[in-house]
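Hi,

Here is the structure I said I'd pass on.

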Amino acid sequence: MLESSAAAPVLPNPLRQGLAEERVPEPAAMVIFGASGDLTHRKLFPALYSLTRDRLLPARFAIIGFARRPSSDEAFREEMRAACAEYARRRPLDPELWAAFASHVFYQEGAYDDPGSFTRLKTRLEEIERTLGLPGNRLFYLSTPPSSFAPVIRNLGQAGLAPPPPGPGTAPPVPPPPFARVIIEKPFGTDLDSARALNHQIHDVLDERQIFRIDHYLGKETVQNLLVFRFANGIFEPVWNNRFVDHVQITGAETVGVEARGGYFDHAGSLRDMVQNHLLQVMSLAAMEPPVAFDADSVRDEKLKVLKALRPIPSGELDSNVVRAQYAAGSMVGQAVKGYRDEPNVSPTSTTETFVALRLYIDSWRWAGVPFYLRSGKRMPKRATEIAIVFKEAPHLLFGRRGEGIRPNVLSIRIQPDEGIALNFGSKLPGPAMEIAPVSMEFRYGSSFGVEPPEAYERLILDCLLGDSTLFTRADEVEASWSWVSRIHRAWAEETAAGKSALASYPAGSWGPEAADRLIEADGRTWRRP
Amino acid sequence: MSPPPPPPHVDLERFARGEPIAVEIGAIERELATLWKSASATGAPAAEGAVSRAALWNVIIPAHGRENLAATKHLVDEIAPALPTRAITLCLDDAPAATEGEVQASIESNVASQPGGTRMVYSEEITLVGPRGAEAHFGAIVRGLGIPGVPTATFWLDPALPASLLERELLPATDRLVLDTGGCFTPHQLEELQRLVEAARPIPVADLGWLRLGGLRSLFAGLFDPPVGGGPLARATRLEVSHLAGCDASALLVVSWLGTLLGWRPLESGTTPDGGVRFAFARGDAAAGPPLEAHLVPAEGACGKSGILALEIYAGDERYAIHRTALDKTALLTPVAPPKPVTLDSPSDAELAVAALGRRGRDPLFARCLAFAQTLWALEPASGFSPR
């Protein structure tokens, strides 16, 4: 019966109209490469369980964990149960729901560079699909070391696991063929050349419509709200330009050090790990022009224009526009912490930056002359990611010395934690004197909506299953951001080769080196304390 | 002579405990502001003692009698942590001792601590109690007490209230009307609600009963997601809705939901030997097809306030069904996969009320289904509905 219904044209389901879940993904199997890794435990499985709990996954859905380590279905299920119990947004686990969820979870041992492993994966996948009545839709999640991206995709192609969809110019077949989509984790390349090479290798097997390059910052509710805030409210967009905006600050501050990621991070650094992807993506959403429609390509076209308009920093002006630094021993919440070079798996002579601050310009009509200050660092005193739009002062100050309390208006969009938006403005202090003090008007998701927003991975996995790539990064966006960032890396490499490295140091628990303060103070401005 | 007012700190302590404080009607706003200011200034350091006054909605909930008022205030308390509101509860007191012509007012706080306890969000509640006939005063008072610029929702949940209070006094100030078809004792009471929906146009109307059926509708709809698709629905010959006796209104809404979305045209109704009701339908697309019938079957079992125990649709010899196996558990039955147990949430009235003020509270499908249900109960003979 299943085969006959799968072969016949599938009529649309009229009962979805008006339901909270108007769009529910089609039944599918999801394969997670890197199933024994930290991301799978902390984020992916908890997200999948929470989606199941919220009934946002299709009733028929299978998850296959794939990794080198020998394990069994049962052992893997138990491992994932513990992970979900600790990290899922929807806790405590519902035992019956978990039992039903776990019965569709499987484990497949294999090597990423071994074609035979993929032949066995295909056999197992087909068997599971047959047993569960799945129509052959497949989502492959690459949560592996970046060096495995290309071999995994090549092997997926050779095993016939990821056939491309019909070309955009051809009439869609009825019924539509099953989909095969691939989510690729960051980092996508380590510089422009490697990103281009990776795109090339992936495009040998997959169509761009099958590729979902994930940047989990884009799945955060406040980042999505940025589009609503700008384009669904009439009052902000008219002042969102160089006539009214003095400058923009984007901060991505972490309290953690490199933890267990020393080996990876020492080859990456903050510019690759945070700025090239998260901060430039967030900046492109904050700076882009209104898209013609809220669909994947319209939004990504506008983001791309911003990335292409980034003014290259001339090599001779690098030090006055970019500051890099490394944390030294210091104190975090009353505890002494090590310096970066003393962290496990970090070279004691490492010159990798754990902090970077930049001044950049977007050469467009809207943003001409408006500096964007970006900074990202580890071992900062507070975990905070925010965009701050700092407006110009009023053109004429009426209040003379009495107006000393006036500060520029600041619109701050907090991405994490405590997602929300705040607007600072000056207000008269009560009393007979004309004294002015800054006050803040705040919107917080938790307070206003009474619920915490869903985890970014929940939203992004769901979007991928639905085939919506709006919140994923396109190949040309990745290359455009690498193109800008790689110039800085090349200049740093030349400095290091010449023995002139300008790597500064800052104590753990501080807001970065003095050089970062000097960078912005040279323009008569100061960093915000988020 | 009235007793002297208590000193301000006594009021503040009672306010912080969430107890009501009697206030003069004309001074409600000033009293609230004074209390908030005092609460913010007391005790903890500035950062911890800061108190936000947040409100996304003005919520008006009338009730009839002190007993219903207590239930209403309980609902408001449960809504508060999830949705900051200014709640204005109105009570028409039918106690013989109620003083004629006098409206009494009290204010209360609802407190929700933020994670970590450093910040708090308060919602505020104003209660107005008056004797029979006081409804004529409520409209003006409510219009004065709503927070400006914040939308107003009126929860009309008590069928014993005079319709004039809603239609004359409250609807002009209402941006969303919230009803509960789950409180209908007979399908004929749906007719009164249908009249209110018409009177409220173009104000969006949310129904707690409709939202209560949301989980069940979602699960049932899921049976027809790909690869099954809508084919079996197009070929359906029989629908069976098992419901608790007295929950015919919910069952009618379920039939109406399917009838509306699948384009069925009601032809006739009758009673069945099992004490239920039978409806015959024509298919909307005029295509020749087998006869189509829906049965409402009274039954026993745990099913929560929605009153629905099972929902089955037959397409030839194929059967697609949801059966409750416990209060919050169901089994999904289809010809294409083994039976599957699924958890079915039973949201509280407060959770439904919060949903009613969100996007799901603007579902235009509800009004269409209610109109469809009216067509069904207007069919003759329609005497088979079970009494509660």
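Let's start inside chain A: A:A29 has A:A62 of strand 2 as its bridge partner. That pair sits where strand 1 (residues 28–33) and strand 2 (residues 61–67) of chain A run parallel, joined by six bridges. (Strands are DSSP E runs of at least two residues, helices are H or I runs of at least four, both numbered from the N terminus; strands pair if DSSP finds at least two bridges between them.)

Before I go on, this is a predicted model: local features need pLDDT of at least 70, side-chain atom pairs count only at pLDDT 80 or more, and totals for chains, interfaces and linings use all residues. Residues are numbered from 1 along each chain as its sequence is written, while chains are lettered from A and ligands numbered from 1 in the order they are written.

Back to the sheet: it is open and parallel, with six strands of chain A in the order 3-2-1-4-5-6. Strand 3 (105–109) and strand 6 (211–213) of chain A are the edges, each pairing on one side only.

Now the two chains together. Here 33 residues of chain A are in contact with 38 of chain B, contact being C-beta atoms, placed from the backbone, within 7 Å. On the chain A side, helix 1 (2–7), helix 4 (95–102) and helix 13 (445–449) are the elements that give two or more residues.

Which parts is chain B divided into? Domain 1 (8–174) and domain 2 (212–377), with bounds from an automatic or database domain assignment. Their contact takes eight residues from domain 1 of chain B and six from domain 2.

Cheers

Definitions and conventions. Contact = placed C-beta atoms within 7 Å.
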